[in-house]
Amino acid sequence: MRVVLIRHAHSQANLAGVLSGRRPNVHLSKEGIEQARDLARRLGDFVPHQIRISPMERCLETISPWISTSKRSKTNRVQPIIDHGLTEVDYGDWSGKKLSVLSNNKLWSVVQNTPSQMYFPKGEGILEMQSRALQSIHSSIDRKAKTPLVIVSHGDVIKSIVADCLGMHIDEFQRIIIDPASVSIIDFSQAKPRVLLLNDNRAVVTDLLVGKKRSTNLLGGGSGK
């Protein structure tokens, strides 16, 4: 099964330079609304196996244009499932504060260099976030499904999923960049997941999602087909 990981589009909090976390009523910015419309074009026409989204409003706003446009009337039967395992990190006391202020906090270096040791004050730990996100992903995978699983979540959550799929320790996950409205695609059809696309915010990815699956791992990158 192919899993499509989509970060929500640019939000009002992104615009303000604020770490919004799980605070309610954080919507897409004007730029984010345009990104969501473009995302609908880039995803193209296919009917997903499931659409699972974080409960934060900005995630539903990101995927709604894709659900409602083009010839995907069949997608009306695949309505988004709110999945709390995919929600934003609980940043606790850091929620709602300016990133420019937080970067001066003594714990900032822990977040950047040894995130496995980071527990946000009155919030959750980064390892806890990764654990519940991976549990959500793996419990949602149906290896017999013929169409992709679409996930809409948040930057740190997606980074933690990608890091695990690449066999990276969570302390290395800051090496991964996940931009607003970006698409990453992971193939879970083999014993070990394979990353097919990472942090793409330009390409039309329809063919990659509905094309023939690669059933083997090939030396030298294979034939490229």
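Which residues in H7 are buried? The points below take up this question and a few others about the model, which is predicted.

1. Helix H7. The buried residues in H7 are Gly155, Val157, Ile158, Lys159, Ser160, Ile161, Val162, Ala163 and Cys165. The helix covers residues 155-165, and because 9 of its 11 residues are buried, H7 is largely enclosed by the rest of the structure.

2. Surroundings of H7. What do the buried residues of H7 pack against? Their partners are strand E1 (2-7), helix H6 (126-140), E6, strand E7 (183-187) and strand E8 (194-200). Just after the helix comes Gly167, which has a positive phi of about 75°.

3. Strand E3 and strand E6. One of the residues to look at here is Gln50, whose bridge partner in E6 is Leu149.

4. Strand E3 and strand E4. E3 also pairs with strand E4 (residues 81-82), again in the parallel sense, over 2 bridges. Here Ile53 has Ile82 as its bridge partner in E4. When looking at the side chains, keep a general point in mind: in a regular strand they alternate between the two faces of the sheet.

5. Helices H2 and H3. Two packed helices are described by the angle between their axes and the distance between those axes. For H2 (residues 30-43) and H3 (residues 57-68), the angle is about 50° and the axes lie 8 Å apart. H2 and H3 are therefore oblique to each other. Their crossing is right-handed.

6. Contacts between H2 and H3. Which residues of the two helices meet? From H2 they are Ala36, Arg37, Leu39, Ala40 and Leu43. From H3 they are Glu61, Thr62, Ile63, Pro65 and Trp66.

7. Cysteines. How many disulfides does a search of the whole structure find? The search finds 0. A disulfide would need the two sulfur atoms within 2.5 Å. Seen from Cys165, the closest cysteine sulfur is likewise the one in Cys59, at 18 Å.

8. Burial of the cysteines. Are Cys59 and Cys165 buried or exposed? Cys59 is buried, with a relative accessible area of 0%. Cys165 counts as buried too, because its relative accessibility is 10% and the cut-off for buried is under 20%.

How values were computed:
Residues are numbered from 1 along each chain as its sequence is written. This is a predicted model: local features need pLDDT of at least 70, side-chain atom pairs count only at pLDDT 80 or more; totals for chains, interfaces and linings use all residues. Side-chain values use heavy atoms; hydrogens and water are left out. Two strands pair if DSSP finds at least two bridges between them. Helices (H or I, at least four residues) and strands (E, at least two) are DSSP runs, numbered from the N terminus. Buried means under 20% relative accessible area, exposed over 50%, partly exposed in between (1.4 Å probe, protein chains only). Axes are lines fitted to C-alpha atoms, for helices over the stretch in contact, and angles run from 0 to 180 degrees between N-to-C directions. Angles under 35 degrees count as roughly parallel, over 145 as roughly antiparallel, 65 to 115 as roughly perpendicular and the rest as oblique. A crossing is left-handed if the near helix is turned anticlockwise from the far one by less than a right angle, and right-handed if clockwise. Contact means heavy atoms within 4.5 Å.
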